[in-house]
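These are my notes from going through one structure by hand. I wrote an entry for each thing I looked up.

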Amino acid sequence: MARERDLRMRANPEGFTTPAPRLGAGAWDADDERAGHIGEQPFMADGTRADDLVGYDWAVIATPDAAARLAGTVAPRVVAVDSESGRDWLGRLAAEAVLVRPDRYVAAAADSVEALDDFAVAVRRLTNAGEGSPTAG
């Protein structure tokens, strides 16, 4: 069976999708269908991957307008997407901003600039900012 699977995968490499099950209970917004799924790793305009900018930490990936509004209001690093791949990802999520966990799963999303205040509250709650956590401050 494994040999047959390997032959099918070699014959159709574009058809293989890495399994990405939704997370169980934990630090993510279970009420948002976008949350709990593995996030993408968009490139920035200079070719750097967003992951290389934030390392293994919480991060907010946002449109430039959303990033400007969130800067200084949340503890995780805020990265403004300045590339087509980043804009495409946020567009597919219908999001202005997403909170990405250290394991690269989406924890929360904001679908409009108007929703950013509620999003910032969710970011602080999910990252325990202000409660002595490494992400506080």
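Entry 1, the end of helix 5. I looked up what comes after helix 5 and found Asn128, which has a positive phi near 60 degrees. I noted for later entries that this is a predicted model.

Helix 5 runs over residues 116-127. I counted its 12 residues and took the span from the first C-alpha to the last, which is 16 Å. That is close to the 16 Å expected at 1.5 Å a residue.

Which residues of helix 5 are buried? I listed Leu116, Phe119, Ala120, Ala122, Val123, Leu126 and Thr127. They cover an arc of only 160 degrees around the axis, so they sit on the same side of helix 5. On the face turned away from the buried side of helix 5, I found the exposed residues Asp117, Asp118 and Arg125.

Entry 4, the cover. I then looked up what lies over the buried residues of helix 5. The cover includes strand 1, strand 3 and strand 4, and also helix 3 (64-70).

In what order do the four strands stand? I read the order as 2-1-3-4, in an open sheet with mixed pairing. Strand 2 (77-80) and strand 4 (106-110) are at the edges; each has a single partner strand, so one side of each has no neighbour in the sheet. From one strand to the next, the twist averages 20 degrees.

Strand 1 (residues 59-62) and strand 3 (residues 97-100) run antiparallel and are joined by four bridges. I picked out Ala62 and found that its bridge partner in strand 3 is Ala97.

Helix 4 (residues 84-93) lies across strand 1, strand 3 and strand 4, at about 95 degrees to strand 3. Helix 5 lies across strand 1, strand 3 and strand 4 too, but runs at about 0 degrees to strand 3.

Asp51 belongs to helix 2 (residues 50-54). Is Asp51 buried or exposed? Its relative accessibility is 18%, and the cut-off for buried is under 20%, so I put Asp51 down as buried. Leaving out residues up to four places away in sequence, Asp51 touches Gln41 and Arg104. The side chains of Asp51 and Gln41 are joined by a polar contact of 3.1 Å.

Definitions and conventions. Residues are numbered from 1 along each chain as its sequence is written. This is a predicted model: local features need pLDDT of at least 70, side-chain atom pairs count only at pLDDT 80 or more; totals for chains, interfaces and linings use all residues. Side-chain values use heavy atoms; hydrogens and water are left out. Two strands pair if DSSP finds at least two bridges between them. Helices (H or I, at least four residues) and strands (E, at least two) are DSSP runs, numbered from the N terminus. Axes are lines fitted to C-alpha atoms, for helices over the stretch in contact, and angles run from 0 to 180 degrees between N-to-C directions. Contact means heavy atoms within 4.5 Å. Buried means under 20% relative accessible area, exposed over 50%, partly exposed in between (1.4 Å probe, protein chains only). A polar contact is a pair of N or O atoms within 3.5 Å; within protein, one must be able to donate a hydrogen and the other to accept it, and residues adjacent in sequence count only if both atoms are side-chain atoms. The expected span of a helix is 1.5 Å times one less than its number of residues. The arc is that of the directions from the helix axis to the C-beta atoms.
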